[in-house]
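Here is a short briefing to read with the sequence and the 3D view side by side. Take the points one topic at a time and find each item in the picture.

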Amino acid sequence: MGMSGAASGGAGCGRGEYMRIPEDVDAIKEAVKEEGECPRLLRCRAIRWWAKVAVLGIFLAGAAAAAVVFLGPLVIKKVVVPIIDWQSRTFSRPVILLICFGAIALFPSVLIPSSPFMWIAGMTFGYGYGFMIITTAMSIGMSLPFCIGSAFHSRIHRWLEKWPKKAAFVRLAGEGDWFHQFRAVALLRISPFPYIVFNYASVATNVKYCPYIVGSMAGTIHETLLAIYSGKLVQSLAAATSQGSFLSVDQIIYNGIGFAVAAVSTAAITIYAKKALQKLQAEDELC
């Protein structure tokens with residue numbers, strides 16, 4: 001009897017009496033199909049992202065070319081050339097060095113932008129000495145607010161609470177080990193987060209000075225090179241305009257391509273930093 005029952009049970013299994021077949025088979029097939037299409041969707045999104053960056057670069061190149069050709073000569077002749085002539089007649093190179101160094105080092109502490117002095121340093125000293133002057137001064141300009149802000153830690157913390165979304169990104173700099181803090185600070189420097197504000201806002205985190213300054217220097221390299229390039233470009237345009245001529249077609253194409261590459265690179269790096277910060281924040285929330 002037991003054997004017949006077992007046989008009956010086995011036969012029952014064969015007939016499907018004890019197996020429940022899913023009712024929505026089409027839904028399961030659709031889910032499997034969507035899972036297989038995920039890599040394809042990611043590739044499509046990546047292609048669309050790079051296509052947007054390329055379109056942005058073409059647009060910026062066209063706008064830059066139009067500005068250089070139509071508005072550039074007038075602005076340079078009436079504004080830039082007189083300023084450069086006055087600067088060269090009034091100040092020597094050592095004095096210009098001291099002015100630029102002091103402005104880049106001290107202005108961020110009082111929340112004043114120092115970008116114009118980076119351009120002047122680029123025009124006067126070029127890529128080599130200009131880069132060393134700017135980076136050294138910027139290291140001081142980022143260290144002073146870090147030290148000054150320590151005395152106002154509680155006030156800065158309360159101020160950040162007014163903007164919880166931005167505060168969440170800033171607090172990433174104070175979490176994890178040395179490399180985590182270095183990476184977060186570098187990404188924040190590259191991202192659209194205001195440079196001057198972060199100098200003080202970083203105090204509200206537990207970030208150590210060493211990863212803060214190293215990450216800050218690494219995250220501002222592109223900004224320094226772009227400022228020097230902009231200064232050299234303005235200087236070449238001013239020199240050509242003051243001589244009663246303008247840039248040749250080759251020079252226009254060369255400078256236009258250089259400006260477009262710099263602008264697209266900056267935009268791509270900024271977008272990457274923003275996405276990386278969001279990913280880093282998601283990882284911290286999971287932990």
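Helix α7 (residues 178-190) packs with helix α9 (residues 209-219) at an angle of about 40°. Their axes lie 7 Å apart. This is a predicted model.

**How the helices pack**

- α7 passes α9 in a right-handed crossing.
- Helix α9 also packs with α4, here at an angle of about 140°. The axes of α4 and α9 are 10 Å apart.
- Angles count as roughly antiparallel only over 145 degrees. α4 and α9 are therefore oblique to each other.
- The crossing of α4 and α9 is right-handed.

**The overall plan**

- How many helices and strands does the protein have? There are eleven helices and zero strands.
- Read from the N terminus on, the elements run α-α-α-α-α-α-α-α-α-α-α.
- The protein has 287 residues, and 33% of them count as buried.

**A nonpolar patch on the surface**

- Which residues form the nonpolar patch on the surface? They are Leu106, Ile140, Leu144, Ile148 and Phe152.
- Together these residues have about 400 Å² of accessible area.
- Helix α4 (residues 115-149) gives the largest share of the patch, with three residues.
- Isoleucine 148, one of the patch residues, lies in helix α4.
- Exposed means over 50% relative accessible area, and buried means under 20%. Isoleucine 148 has 38% relative accessibility, so it counts as partly exposed.

- Glycine 128 has its place in helix α4. Its relative accessible area is 46%, so glycine 128 is partly exposed.
- How many residues separate glycine 128 and isoleucine 228 in sequence? They are 100 residues apart in sequence, and 9.7 Å apart in space, C-alpha to C-alpha.
- Serine 230 sits in helix α10 (residues 221-242). At 22% relative accessibility, serine 230 is partly exposed, because the cut-off for buried is under 20%.
- Serine 230 and methionine 118 are 112 residues apart in sequence. In space, 9.3 Å lies between them, C-alpha to C-alpha.
- Phenylalanine 59 is found in helix α2 (residues 25-90).
- Is phenylalanine 59 buried or exposed? Its relative accessible area is 58%, so phenylalanine 59 is exposed.
- Phenylalanine 59 and alanine 260 are 201 residues apart in sequence. Their C-alpha atoms are 8.9 Å apart in space.

**A positive phi in a loop**

- Where is leucine 111? Its place is in the loop between α3 (93-106) and α4.
- Phi of leucine 111 is near 60°, a positive value in a residue other than glycine.
- Most residues other than glycine have a negative phi.
- Leucine 111 has a relative accessible area of 55%, so it is exposed.

Terms used:
Residues numbered from 1 in each chain as written. Predicted model: local features only at pLDDT ≥ 70, side-chain atom pairs only at ≥ 80, totals over all residues. Heavy atoms only, no water. Patch = residues over 30% accessible without salt bridge, like charges linked within 9 Å, V, L, I, M, F, W, Y side chains within 5 Å. Areas by Shrake-Rupley, 256 points an atom, 1.4 Å probe, with all protein chains shown as cover. Salt bridge = Lys/Arg side-chain N within 4 Å of Asp/Glu carboxyl O. Helix = DSSP H or I, 4+ residues; strand = E, 2+ residues; numbered from the N terminus. Buried < 20%, exposed > 50% of the residue type's maximum accessible area, 1.4 Å probe, protein only. Axes fitted to C-alpha atoms, helices over the stretch in contact; angles between N-to-C directions. Left-handed = near helix turned anticlockwise from the far one by under 90°. Parallel < 35°, antiparallel > 145°, perpendicular 65-115°, else oblique.
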